[in-house]
Amino acid sequence: DGALMTEYTFETSFDPRYRDLDVNGDVNQAVYLSYLEQARTKYWAEVVGIRHDRTPVAMVRHEIEYEAPIRLDQTVTVAQRIAEMGRTSFQIEYEIRADETVAATAEIVLLALDRENHEATPIPSTWREPIEEYEGFETS
């Protein structure tokens, strides 16, 4: 397709662990969500300045397209960008690479939660402002 290459704004790299592997010696597909979480946690600490476990969110959707296996001897790089922010939710796009090969692309939607009643709540400005600035969004 003629879509422009997505510009990812943040990346982090790490080595797969032995326990990540399936019976074929490749990283188990279920582990890919953990890799996304690892990248998101790092993004949150560096960009938002708040530990991700202290920001009440719920994942309401995830979609992963697997393109190539990841092996134990490869370096995993997760690139991400926050593609859009609504009033209560935001969409994050990812690319997972094994060395230089794209192993998967993914998209998730997170919902900001009110911890008291577990319902959607507007994204707090303490998250929104640093994300908008980092991602280069036009602020309203």
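The structure is a predicted model, so local features were taken only at pLDDT of at least 70 and side-chain atom pairs only at pLDDT 80 or more, while totals for chains, interfaces and linings use all residues. Numbering starts from 1 along each chain as its sequence is written, and side-chain values rest on heavy atoms, with hydrogens and water left out.

Two packed helices are described by the angle between their axes and the distance between the axes. Here, helix α1 (residues 31-48) meets helix α2 (residues 125-135) at an angle of about 90 degrees, and their axes are 9 Å apart. Axes are lines fitted to C-alpha atoms, for helices over the stretch in contact, with angles running from 0 to 180 degrees between N-to-C directions. Helices (H or I, at least four residues) and strands (E, at least two) are DSSP runs numbered from the N terminus. The α1 and α2 pair is therefore roughly perpendicular (65 to 115 degrees; under 35 is roughly parallel, over 145 roughly antiparallel and the rest oblique). On the α1 side, Tyr 43, Trp 44, Val 47 and Val 48 make the contact, and α2 brings Thr 126, Trp 127, Pro 130, Ile 131, Tyr 134 and Glu 135 (contact means heavy atoms within 4.5 Å). These residues split into 8 nonpolar, 1 polar and 1 charged, where Ala, Val, Leu, Ile, Met, Phe, Trp, Tyr, Cys and Pro count as nonpolar, Asp, Glu, Lys and Arg as charged, and the others, Gly among them, as polar.

Then there are the rings. Rings of Phe, Tyr and Trp (its six-membered ring) pair if their centres lie within 6.5 Å; planes under 30 degrees apart are stacked, over 60 edge-to-face and the rest tilted. The count comes to 8 aromatic pairs. Tyr 43 and Trp 44 form a tilted one, with centres 6.4 Å apart and planes at 45 degrees. Trp 44 and Phe 90 are stacked, at 5.7 Å and 15 degrees. This second pair ties together distant parts of the chain, as Trp 44 sits in α1 and Phe 90 in strand β4 (residues 89-98), 46 residues apart. Trp 44 is buried at 0% relative accessibility, and Phe 90 is buried at 1% (buried is under 20% relative accessible area, exposed over 50%, partly exposed in between; 1.4 Å probe, protein chains only). Ring pairs join Phe 10, Tyr 43, Trp 44, Phe 90, Trp 127 and Tyr 134 into a cluster.

Asp 15, in the loop between β1 (10-14) and α1, is exposed at 54%. Leaving aside residues up to four places away in sequence, Asp 15 touches Gln 74 and Thr 75.
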